[in-house]
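Subject: Structure handover

Hello,

Here is the structure I promised to pass on. Please open it first, then read my notes beside it.

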Amino acid sequence: MVFSLFTCSSLFLYSWFIHKKEKVAASIISYTLYTLMLYLVLTGGAKGTGPIWIFIVPPVTFFIRGLKLGAIDSSVFILCIIAAFISADYFEIYEYNSPELVLRIILCFFIVVLLSGFYEFFRESHSKKIIALAKENETLATKDPLTGLPNRRYTIDYINELNKPKHAPLSIVLFDIDDFKKINDTYGHSVGDQALVHLASIFTDTCRSKDVIARWGGEEFLLVLENTTENAAIKIADTLRLKIQNTAMNIENQLVHFTISGGVKEVSSADTIDSAINSADNNLYRAKNNGKNQICC
């Protein structure tokens, strides 16, 4: 008995040291526990109290193995327990004087397995709901609900990560839709929202895969260009400008063309996010004052 307990304790301790290999550690704990419990049933333990310890198996099994594997392990373990009781009597390893006690232990164990399984089922269901809500909240916190583009909060964090430490050129372009107020005034805000979605899809389809285009607020969009100099950013921004100018949107059976203005700023390591955005905004203001539908830097 002492040797068995020492061996099991050593295996439990070993599983602690390899906790980074979760599946291996979980298997060691589970099957060591099963073996120890079967040994206690087979030998009777101390004065026949060994079988009492098997009731710790179901909650531990479902906690470690999960619902599906826990149900399989528990079902196999019940059969092994029955076999252990029969073997103890058949091979005269230990004599259980009361068959009724053995039967009740097995029935009680079966009930504990069912209760543990139900608990694990509801626990997993609840956990999945919490995870889904967490993902939804994360999406709401980082995505613009109308266009599906990254929002201001996400973009600021993204620029900070790219710019510190700075290893490659980084440029930003602040875009504004020209005369967007006329769209809202003429067709209503719902059409204005459709126009924003329309333009967002053009931005997404035209930008490079490594670029980030964000809904900055209102009719403004911010383009973050990783590993891109100011001159390269101007070319990319102008490509987007021409693409939007040449892609019409059908509004009430009329093809409506949009134009955008943009301000470019190459971000240096000395720039703060606010100063870089302000510089891009000033360049955008110049583009607006110079006649719109153009890119300034």
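A residue counts as exposed when its relative accessible area is over 50%, as buried when that area is under 20%, and as partly exposed in between. You will need those cut-offs below. Please also keep in mind that this is a predicted model.

**Salt bridges**

The count comes to nine salt bridges.

Start with D185 and K181. Their side chains meet in a salt bridge, with 2.8 Å from N to O. Both residues belong to helix α6, which covers residues 180-187. They are four residues apart there, so about one helical turn separates them. D185 has a relative accessible area of 55%, so it is exposed. K181 is exposed as well, at 59% relative accessibility.

Next, R123 and E120. Their closest N and O atoms are 2.6 Å apart, in a salt bridge. This pair sits in helix α4, residues 99-142. The two residues are three apart, and about one helical turn lies between them. How accessible is each partner? R123 is partly exposed, with a relative accessible area of 32%. E120 is buried, at 2% relative accessibility.

Last, D73 and R65. This salt bridge has an N to O distance of 2.9 Å. D73 is buried, with a relative accessible area of 10%. R65 is buried too, at 18%.

Helix α7 takes in residues 189-206, which makes 18 residues. The buried residues of α7 are V191, G192, A195, L196, H198, L199, A200, I202 and F203.

How do α6 and α7 sit against each other? Their axes come within 7 Å and cross at roughly 140 degrees. An angle over 145 degrees would count as roughly antiparallel, so the two helices are classed as oblique to each other. On the α6 side, the contact is made by F180, I183, N184 and Y187. On the α7 side, it is made by H189, V191, G192, A195 and L196. Six of the contact residues are nonpolar and three are polar, with no charged residues.

**M249 and its neighbours**

M249 lies in strand β4, residues 249-251. At 8% relative accessibility, M249 is buried. Which residues does M249 touch, leaving aside those up to four places away in sequence? They are V191, Q194, A195, H198, Q254, L255, V256 and F258. V191, A195 and H198 are also among the buried residues of α7. Q194 is 55 residues from M249 along the chain, and their C-alpha atoms are separated by 9.4 Å.

Most residues other than glycine have a negative phi. Two residues go against that here.

D179 has a positive phi of about 55 degrees, although it is not a glycine. D179 is found in the loop between β1 (170-177) and α6. It is partly exposed, at 36% relative accessibility.

N293 also has a positive phi, near 55 degrees, and is a residue other than glycine. N293 is in the loop between α9 (273-289) and β7 (295-296). At 23% relative accessibility, N293 is partly exposed.

**One more residue in α4**

K128 has its place in helix α4. It is exposed, with a relative accessible area of 59%. Y39 is 89 residues from K128 along the chain, and their C-alpha atoms are separated by 37 Å.

Over to you.

Best wishes

How values were computed: Residues are numbered from 1 along each chain as its sequence is written. This is a predicted model: local features need pLDDT of at least 70, side-chain atom pairs count only at pLDDT 80 or more; totals for chains, interfaces and linings use all residues. Side-chain values use heavy atoms; hydrogens and water are left out. A salt bridge is a side-chain nitrogen of Lys or Arg within 4 Å of a carboxyl oxygen of Asp or Glu. Buried means under 20% relative accessible area, exposed over 50%, partly exposed in between (1.4 Å probe, protein chains only). The expected span of a helix is 1.5 Å times one less than its number of residues. Axes are lines fitted to C-alpha atoms, for helices over the stretch in contact, and angles run from 0 to 180 degrees between N-to-C directions. Angles under 35 degrees count as roughly parallel, over 145 as roughly antiparallel, 65 to 115 as roughly perpendicular and the rest as oblique. Contact means heavy atoms within 4.5 Å. Ala, Val, Leu, Ile, Met, Phe, Trp, Tyr, Cys and Pro count as nonpolar, Asp, Glu, Lys and Arg as charged, and the others, Gly among them, as polar.
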